Amino acid sequence: MSSAPTNPITPAGLAALKARYDHLLGTERPEIVEIVSWAAGNGDRSENGDYLYGRKRMREIDRELAHLARRMKAARVVDPADQPDRSRAFFGATVTLADEDDARKIVTLVGDDEQDASSGRIGWSSPLARALRGATVGDLRTVRLPGGEKEWEVVAIAYPPPVVPVAARA
């Protein structure tokens with residue numbers, strides 16, 4: 001079994017989850033509560049669009065807040081800059097791949113809560129990320145995709161530079 005946590009997330013990914021949570025809790029929800037309170041004071045609630053929409057939106061916000069809270073609680077922060085073995089593809093690695101036609105693709109292995117395929121950030125539990133785990137430059141990895149299997153060669157592996165403590169720089 002891998003030594004990586006079951007729900008890894010980068011420090012930036014966790015910061016983004018916290019920012020979304022704080023925005024919902026501190027900004028959006030209070031605004032909706034104010035609208036619902038105002039609308040409730042206007043009489044018949046059964047035909048009051050502001051009231052009905054506000055209550056619906058408040059339920060959506062509360063659901064998202066609960067989801068974000070669960071994800072943040074389960075998350076285990078892994079800083080890719082601290083990776084000791086930079087010759088292999090592990091969590092946080094940016095991997096350059098080439099297919100059989102030498103078409104290049106660059107992906108970064110990130111937590112499932114921070115994946116964004118359009119920007120090349122693929123989730124740790126995705127089929128491609130699972131296939132790349134532990135790969136070294138020159139390895140061929142086959143990925144099972146809905147349209148069939150595809151083979152990729154690992155061309156390069158990079159990690160963010162290690163963070164040097166301020167005291168060590170002086």
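T142 is partly exposed, with a relative accessible area of 41%, where partly exposed lies between buried (under 20% relative accessible area) and exposed (over 50%), computed with a 1.4 Å probe and protein chains only. T142 belongs to strand β6, which covers residues 140–145. Helices (H or I, at least four residues) and strands (E, at least two) are DSSP runs, numbered from the N terminus. T142 and A131 are eleven residues apart along the chain, and their C-alpha atoms are separated by 6.8 Å. The model is predicted, so local features need pLDDT of at least 70 and side-chain atom pairs count only at pLDDT 80 or more, whereas totals for chains, interfaces and linings use all residues. Residues are numbered from 1 along each chain as its sequence is written, and side-chain values use heavy atoms, with hydrogens and water left out.

The largest nonpolar core has 19 residues; a nonpolar core is a set of buried Ala, Val, Leu, Ile, Met, Phe, Trp, Tyr and Cys residues joined through side-chain atoms within 4.5 Å. The residues with the most contacts inside this core are V95, L97, V107, L109, L128, L132 and V154. At least two core residues come from each of β3, β4, α3 (127–132) and β7. Helix α3 gives the most, with four residues. V154, one of the residues with the most contacts in the core, lies in strand β7 and is buried at 1% relative accessibility. Between V154 and R104 there are 50 residues of sequence separation, and their C-alpha atoms are 9.9 Å apart in space.

Side chains of opposite charge can pair when their charged atoms come close. A salt bridge is taken as a side-chain nitrogen of Lys or Arg within 4 Å of a carboxyl oxygen of Asp or Glu, and by this rule the count comes to 13 salt bridges. One of them joins the side chains of E64 and R20, with an N to O distance of 2.8 Å. Because E64 lies in helix α2 (residues 49–74) and R20 in helix α1 (residues 11–40), this pair ties together parts that are 44 residues apart in sequence. E64 is partly exposed, with a relative accessible area of 25%, and R20 is also partly exposed, at 31%. R20 forms a salt bridge with E28 as well, at 3.7 Å from N to O. E28 counts as buried, at 18% relative accessibility. Both pairs fall within a network of salt bridges that links R20, E28, K56, R57, E60 and E64.

A further salt bridge, at 3.2 Å from N to O, is made by the side chains of K150 and D99. K150 lies in strand β7 (residues 148–158) and D99 in the loop between β3 (94–98) and β4 (104–110), so the pair ties together parts that are 51 residues apart in sequence. The relative accessible area of K150 is 23%, which makes this residue partly exposed, whereas D99 is buried at 11%.

The loop between β3 and β4 also holds D102 and E100. D102 is not a glycine, yet has a positive phi of about 65°; this residue is partly exposed, with a relative accessible area of 48%. E100 counts as exposed, at 58% relative accessibility. Together with D101, E151 and E153, E100 forms a negative surface patch. Patches are made of residues with over 30% relative accessible area and no salt bridge, with like charges joined within 9 Å and nonpolar side chains (Val, Leu, Ile, Met, Phe, Trp, Tyr) within 5 Å. Accessible areas come from the Shrake-Rupley method with a 1.4 Å probe, and for residues only the protein chains shown count as cover. Lys and Arg count as positive and Asp and Glu as negative, without His and the chain ends; the place of a charge is NZ of Lys, CZ of Arg, CG of Asp or CD of Glu. E100 and E151 are 51 residues apart in sequence, with 7.1 Å between their C-alpha atoms.

A surface patch of positive charge gathers R45, R55, R59 and R63. Of these residues, R45 is found in the loop between α1 and α2 and is partly exposed, at 41% relative accessibility.
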